[in-house]
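I opened this entry to log what I looked up, one topic at a time. The sequence and structure go in first, and my notes follow.

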Amino acid sequence: MTPAPFAPLGTLPRETLARWLAQGRLGLRTGPFTFRIASKEAIVADNLRLLYAHHLVIDSPPFADFHVSLERPASPRRWLRPQVDFRLDGYSPFLSLPAPQAFALFEWGMNWCIASHAHQYLLLHAAVLARGDDAALLPAPPGAGKSTLCAYLAHRGWRLLSDELALIDPANGLVHGLARPVNLKNAAIDVIRDTLPEAVLNTPVPDTKKGTVAHLAPPASAVAEVDRPARLQWIVTPRYLAGSALHPARIPRPEAMAMLIDNAFNYDVLGATAFTALADLISRAPAIDLCYERFEEAREWFGALKA
Amino acid sequence: MRAPPPDHSLIEFAWDDGGALYDCSSGDTHLLDPFTLAVLHAARQCGPTPEAVRDLLARTDDTAAEQLSRIESALDQLTAARLL
């Protein structure tokens, strides 16, 4: 029997989505991966509907890379201040979190699944944006303003490949996209809401381990082109600095190499393959530390980048 | 950019602002500044004695003659890292 084809999640009736999730039948495609998801949490269904409307889904996929669930633990916490567990094949890598954080936990769990298992790629903690087939890698420490700038540029001419995970094919250096929601934290949520009134954000969730978090839906065009890999041409470490004029500064290659190694999830797993892929990247792509305060100045600077 | 390894266990990339080496035997990665990289390359040619390295570097670097202690320090680091 031929399985039903993938269809955009947003075309599913609400009841169908809830039923597929409750019965563990929902297959969600994001870039090169298929997640099979089980959850009875309404907040998960509602946020999937809001933030993954353009992603392709299927009923009971014949194959899935990751079988995940979000479910309440078998304890009194099921009812009293209910909590949820994220599980991959029944294994829970995280502590239980309050049920209102279920969708945030789902997003972090998806990141963990990929970062811990997809060793066919060199995996970096970085955002990736593309212009045509040329891509910029944005590695940065937490709180530097990476996701905020990524969200802005993804709505101002750049194609979002990923906010958190760069998937680099070590065989050819191409970077693959996921086009998943952008994770915004604390003050960045209102900044983006004010700056990008057209953007789709979910309801912020307070008191998580990262503070208040919200997720921004990827633009439909980014999802439509998610299977179009790009070639990394630039490495930019954005740093939001209040009161700062735009200030780009070249990072010496050995220093840039050290930074990328620090941001790699599986450098030790891939060994020489990872070293060669990163050194090749450093050899061809300039690494630039970019201090910025104003989005528009940063956008103009990115726009002037030459491959 | 990628230089042939001095032996079968090292992969080396050399740039104008430094270099990176990967030791396939140990899994160690070494990131070198331009001076230490130049010392490494010189030591491979003439042997790891400070005076020989100084003399070799002095052919292309006018300041090398005055940097014997720096060369000694670089050689110590390279030896400790098992790159020499």
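**Chain B against chain A**

Which side chain of chain B meets A:Arg253 in a salt bridge? I looked it up, and the partner is B:Asp17, at 3.1 Å from N to O. I note here that this is a predicted model.

I then took the whole interface of chain B and chain A. The rule finds 2 salt bridges across it. On the contact list I found 16 residues of chain B and 15 residues of chain A. The size of an interface is often given as accessible area lost when the parts come together, so I looked that up next. Chain B and chain A bury about 1200 Å² between them. Carbon and sulfur atoms give 70% of that area.

**The two domains of chain A**

I turned to chain A by itself. Its domain assignment gives domain 1 (7-117) and domain 2 (122-303). Their centres, taken over C-alpha atoms, are 25 Å apart.

I checked what passes between the two. In contact are 20 residues of domain 1 of chain A and 29 residues of domain 2 of chain A. The area buried between these domains is about 2000 Å², with 67% of it on carbon and sulfur atoms. Which residues of domain 1 of chain A lose the most area to domain 2 of chain A? They are A:Leu51, A:Trp108 and A:Ala115, together 29% of what the domain 1 side buries.

**The largest cavity**

A:Glu107 and A:Arg180 came up again when I looked for cavities, as both line the largest cavity. The count is 1 cavity of 30 Å³ or more. The volume of the largest cavity is about 90 Å³. Its lining also includes A:Trp108, A:Asn111, A:Asp163, A:Asn183 and A:His215.

I sorted the lining by type and got 4 nonpolar, 4 polar and 4 charged residues. Domain 1 (7-117) and domain 2 (122-303) of chain A each supply at least three residues. α3(A) gives the most to this lining, with 3 residues.

**The largest pocket**

I moved on to the largest pocket, with a volume of about 690 Å³. It has 31 lining residues, and the closest to its centre are A:Pro142, A:Gly143, A:Ser147, A:Asn183 and A:Lys185. A:Asn183 is also in the lining of the largest cavity.

Where does the largest pocket lie? Both domain 1 (7-117) and domain 2 (122-303) of chain A give residues to its lining, so the pocket lies between them.

I went through the elements of chain A next. α3 (102-117), α4 (146-154), β14 (182-185) and α5 (187-195) each supply at least two residues of the pocket lining. α3(A) gives the most, with 4 residues. By type, the pocket lining has 17 nonpolar, 8 polar and 6 charged residues.

**Salt bridges overall**

Last, I took the count over all chains, which comes to 18 salt bridges. One I looked up joins the side chains of A:Asp59 and A:Arg25, at 2.8 Å from N to O. A:Asp59 sits in strand β4 (residues 56-59) of chain A, and A:Arg25 in the loop between α1 (14-22) and β2 (26-30), so this pair ties together parts that are 34 residues apart in sequence.

Key: Residues numbered from 1 in each chain as written. Chains lettered and ligands numbered in written order. Predicted model: local features only at pLDDT ≥ 70, side-chain atom pairs only at ≥ 80, totals over all residues. Heavy atoms only, no water. 1 Å grid on protein atoms, 1.4 Å probe; cavity = no way out; pocket = protein on both sides within 12 Å on 5 of 7 lines; lining within 4 Å. Points joined across faces, edges and corners; volume = space filled by probe spheres on them. Nonpolar A, V, L, I, M, F, W, Y, C, P; charged D, E, K, R; others polar. Domains from an automatic or database assignment. Contact = heavy atoms within 4.5 Å. Buried area = accessible area lost by both parts, 1.4 Å probe. Salt bridge = Lys/Arg side-chain N within 4 Å of Asp/Glu carboxyl O.
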